[in-house]
Amino acid sequence: MGIIVAYSILALMFLGLSSGVYKPKKWHDLTDKHVKILRIGCFLGFLLIVANLAGHLI
């Protein structure tokens, strides 16, 4: 049960990063292109974690 909670929290963090709700201070120093790549990577990480979480539940 603990792994499901940890995956859920991590997935929410990645979703927040990819949607722009949370933006780290270091990202302000980067160009828009690099921030877009980081957001895409965070969204793909979110999808991967959700798929892994679904695998644990099934």
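Leaving aside neighbours within four places in sequence, Leu30 is in contact (heavy atoms within 4.5 Å) with Val35 and Leu38 in this predicted model. Leu30 is found in the loop between helix 1 and helix 2; helices (H or I, at least four residues) and strands (E, at least two) are DSSP runs, numbered from the N terminus. With a relative accessible area of 36%, Leu30 is partly exposed, where buried means under 20% relative accessible area, exposed over 50% and partly exposed in between (1.4 Å probe, protein chains only). Leu30 and Cys42 are 12 residues apart in sequence, and their C-alpha atoms are 16 Å apart in space.

Residues are numbered from 1 along each chain as its sequence is written. The model is predicted, with local features requiring pLDDT of at least 70 and side-chain atom pairs counted only at pLDDT 80 or more, while totals for chains, interfaces and linings use all residues; side-chain values use heavy atoms, with hydrogens and water left out.

The chain contains 2 helices and 0 strands. Its radius of gyration is 13 Å, well over the 10 Å that the globule rule gives for 58 residues, so the chain is more spread out than a compact globule. This radius is taken over C-alpha atoms, and the globule rule is 2.2 Å times the number of residues to the power 0.38. Along the principal axes, the C-alpha atoms fill a box of roughly 40 × 15 × 15 Å. Of the 58 residues, 21% are buried. Among contacts between residues at least 6 apart in sequence, 61% join residues at least 24 apart. The chain exposes about 4,500 Å², of which carbon and sulfur atoms supply 72%; accessible areas come from the Shrake-Rupley method with a 1.4 Å probe, and for residues only the protein chains shown count as cover.

Helix 1 has 18 residues and reaches 26 Å from its first C-alpha to its last, close to the 26 Å expected at 1.5 Å a residue. The expected span is 1.5 Å times one less than the number of residues in the helix. The buried residues of helix 1 are Ala11, Gly16, Leu17 and Ser18, and their cover includes helix 2. Just after helix 1, Gly20 takes a positive phi of about 95 degrees.

In helix 2, the 26 residues should span 38 Å at 1.5 Å a residue, and the end C-alpha atoms are 37 Å apart, which agrees. Val35, Cys42, Gly45, Phe46, Ile49 and Leu53 are buried in helix 2, with helix 1 included in what covers them. Phe46 counts as buried at 17% relative accessibility. Not counting residues up to four places away in sequence, Phe46 touches Ala11, Phe14 and Leu15. The C-alpha atoms of Phe46 and Ile9, 37 residues apart along the chain, are separated by 11 Å.

Leu15, found in helix 1, is partly exposed, with a relative accessible area of 32%. Together with Leu12, Ile40, Phe43, Leu44 and Leu47, Leu15 makes a nonpolar surface patch of about 560 Å². Helix 1 (2-19) and helix 2 (32-57) are the elements that give two or more residues to this patch, and helix 2 gives the most, with 4 residues. Patches are made of residues with over 30% relative accessible area and no salt bridge, like charges being joined within 9 Å and nonpolar side chains (Val, Leu, Ile, Met, Phe, Trp, Tyr) within 5 Å; a salt bridge is a side-chain nitrogen of Lys or Arg within 4 Å of a carboxyl oxygen of Asp or Glu.
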